[in-house]
Amino acid sequence: MPNGLSELEKRVVRAQDLGQKWAELHEVWLQLDRDEKNYLAALMNDLAKVNDVSEAKLERMARGSEEFRKYVSRICIARGEELRAKVRYENARDYFEAARSLEATERAKMGML
(Lines give C-alpha, C1' and ligand atoms only; values in the text may rest on other atoms or scores of the structure.)
Protein backbone atom coordinates (compact mmCIF):
# COMPACT_ATOMS: atom_id res chain seq x y z
CA MET A 1 0.00 0.00 0.00
CA PRO A 2 1.44 3.44 -0.90
CA ASN A 3 2.95 5.46 1.94
CA GLY A 4 1.73 8.90 2.84
CA LEU A 5 -1.95 8.05 2.47
CA SER A 6 -4.54 8.89 5.06
CA GLU A 7 -6.37 6.07 6.78
CA LEU A 8 -9.40 6.74 4.60
CA GLU A 9 -7.31 6.63 1.42
CA LYS A 10 -5.75 3.36 2.56
CA ARG A 11 -9.25 1.95 3.05
CA VAL A 12 -10.22 3.06 -0.45
CA VAL A 13 -7.16 1.30 -1.88
CA ARG A 14 -7.97 -1.84 0.09
CA ALA A 15 -11.60 -1.82 -1.05
CA GLN A 16 -10.41 -1.35 -4.65
CA ASP A 17 -7.98 -4.29 -4.36
CA LEU A 18 -10.65 -6.53 -2.85
CA GLY A 19 -13.15 -5.43 -5.48
CA GLN A 20 -10.72 -6.41 -8.23
CA LYS A 21 -10.16 -9.81 -6.63
CA TRP A 22 -13.91 -10.31 -6.42
CA ALA A 23 -14.30 -9.40 -10.09
CA GLU A 24 -11.60 -11.89 -11.08
CA LEU A 25 -13.22 -14.72 -9.09
CA HIS A 26 -16.65 -13.79 -10.42
CA GLU A 27 -15.25 -14.10 -13.93
CA VAL A 28 -13.94 -17.61 -13.21
CA TRP A 29 -17.27 -18.71 -11.74
CA LEU A 30 -19.26 -17.14 -14.56
CA GLN A 31 -17.20 -18.87 -17.22
CA LEU A 32 -17.67 -22.26 -15.57
CA ASP A 33 -21.37 -21.63 -15.02
CA ARG A 34 -22.03 -20.50 -18.60
CA ASP A 35 -20.10 -23.42 -20.05
CA GLU A 36 -22.05 -26.13 -18.20
CA LYS A 37 -24.40 -27.00 -21.09
CA ASN A 38 -21.51 -27.12 -23.55
CA TYR A 39 -19.53 -29.35 -21.22
CA LEU A 40 -22.50 -31.68 -20.79
CA ALA A 41 -23.04 -31.78 -24.56
CA ALA A 42 -19.38 -32.70 -25.10
CA LEU A 43 -19.68 -35.56 -22.61
CA MET A 44 -22.85 -36.74 -24.34
CA ASN A 45 -21.10 -36.62 -27.73
CA ASP A 46 -18.29 -38.78 -26.38
CA LEU A 47 -20.78 -41.27 -24.95
CA ALA A 48 -22.76 -41.34 -28.22
CA LYS A 49 -19.67 -42.53 -30.09
CA VAL A 50 -19.70 -45.82 -28.18
CA ASN A 51 -23.38 -46.12 -27.18
CA ASP A 52 -26.40 -46.22 -29.43
CA VAL A 53 -28.97 -44.89 -26.95
CA SER A 54 -31.52 -42.10 -26.68
CA GLU A 55 -30.64 -38.46 -25.92
CA ALA A 56 -32.29 -38.78 -22.51
CA LYS A 57 -30.16 -41.78 -21.60
CA LEU A 58 -27.02 -40.06 -22.91
CA GLU A 59 -27.79 -37.05 -20.75
CA ARG A 60 -28.42 -39.22 -17.71
CA MET A 61 -25.17 -41.09 -18.29
CA ALA A 62 -23.23 -37.85 -18.80
CA ARG A 63 -24.72 -36.18 -15.71
CA GLY A 64 -23.95 -39.26 -13.64
CA SER A 65 -20.36 -39.49 -14.82
CA GLU A 66 -17.50 -38.81 -12.46
CA GLU A 67 -16.15 -36.24 -14.89
CA PHE A 68 -19.36 -34.19 -14.83
CA ARG A 69 -19.60 -34.44 -11.04
CA LYS A 70 -16.05 -33.07 -10.78
CA TYR A 71 -17.05 -30.24 -13.12
CA VAL A 72 -20.06 -29.37 -10.96
CA SER A 73 -17.81 -29.46 -7.90
CA ARG A 74 -15.46 -26.96 -9.57
CA ILE A 75 -18.42 -24.68 -10.27
CA CYS A 76 -19.51 -24.84 -6.63
CA ILE A 77 -16.00 -24.16 -5.34
CA ALA A 78 -15.58 -21.24 -7.74
CA ARG A 79 -18.94 -19.81 -6.66
CA GLY A 80 -18.00 -20.12 -2.99
CA GLU A 81 -14.67 -18.37 -3.58
CA GLU A 82 -16.44 -15.64 -5.53
CA LEU A 83 -19.01 -15.08 -2.80
CA ARG A 84 -16.38 -14.97 -0.05
CA ALA A 85 -14.43 -12.39 -2.07
CA LYS A 86 -17.60 -10.35 -2.47
CA VAL A 87 -18.14 -10.38 1.29
CA ARG A 88 -14.54 -9.21 1.89
CA TYR A 89 -14.97 -6.42 -0.66
CA GLU A 90 -18.32 -5.27 0.72
CA ASN A 91 -16.94 -5.36 4.25
CA ALA A 92 -13.95 -3.21 3.26
CA ARG A 93 -16.25 -0.79 1.42
CA ASP A 94 -18.59 -0.55 4.41
CA TYR A 95 -15.62 -0.06 6.75
CA PHE A 96 -14.48 2.85 4.59
CA GLU A 97 -17.97 4.38 4.60
CA ALA A 98 -18.22 4.08 8.39
CA ALA A 99 -14.83 5.73 8.86
CA ARG A 100 -15.72 8.49 6.43
CA SER A 101 -18.96 9.14 8.26
CA LEU A 102 -17.14 9.20 11.59
CA GLU A 103 -14.60 11.69 10.26
CA ALA A 104 -17.40 13.90 8.92
CA THR A 105 -19.10 13.81 12.31
CA GLU A 106 -15.82 14.75 14.02
CA ARG A 107 -15.32 17.65 11.61
CA ALA A 108 -18.87 18.85 12.28
CA LYS A 109 -18.25 18.72 16.01
CA MET A 110 -15.05 20.71 15.62
CA GLY A 111 -16.93 23.35 13.60
CA MET A 112 -19.45 23.79 16.40
CA LEU A 113 -16.81 24.65 18.98
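Colleague: How many salt bridges does a search of the whole structure find?
Modeller: The search finds 8. A salt bridge is a side-chain nitrogen of Lys or Arg within 4 Å of a carboxyl oxygen of Asp or Glu. This is a predicted model: local features need pLDDT of at least 70, side-chain atom pairs count only at pLDDT 80 or more, and totals for chains, interfaces and linings use all residues. Residues are numbered from 1 along each chain as its sequence is written, and side-chain values use heavy atoms, with hydrogens and water left out.

Colleague: Which residue forms a salt bridge with E82?
Modeller: R79 does, with the closest N and O atoms 2.6 Å apart. Both lie in helix 4, 3 residues apart, about one turn of the helix. Helices are DSSP runs (H or I, at least four residues), numbered from the N terminus.

Colleague: Is E82 buried or exposed?
Modeller: E82 is buried, at 2% relative accessibility. R79 is partly exposed, at 29%. Buried means under 20% relative accessible area, exposed over 50%, partly exposed in between (1.4 Å probe, protein chains only).

Colleague: New topic. At what angle do helix 1 and helix 4 pack?
Modeller: About 160 degrees, with their axes 8 Å apart. Helix 1 covers residues 7–34 and helix 4 covers residues 66–112. Axes are lines fitted to C-alpha atoms over the stretch in contact, and angles run from 0 to 180 degrees between N-to-C directions. The two helices are therefore roughly antiparallel, a term for angles over 145 degrees.

Colleague: What residues make up the contact of helix 1 with helix 4?
Modeller: They divide into 18 nonpolar, 2 polar and 12 charged. Ala, Val, Leu, Ile, Met, Phe, Trp, Tyr, Cys and Pro count as nonpolar, Asp, Glu, Lys and Arg as charged, and the others, Gly among them, as polar.

Conventions: Parallel < 35°, antiparallel > 145°, perpendicular 65-115°, else oblique.
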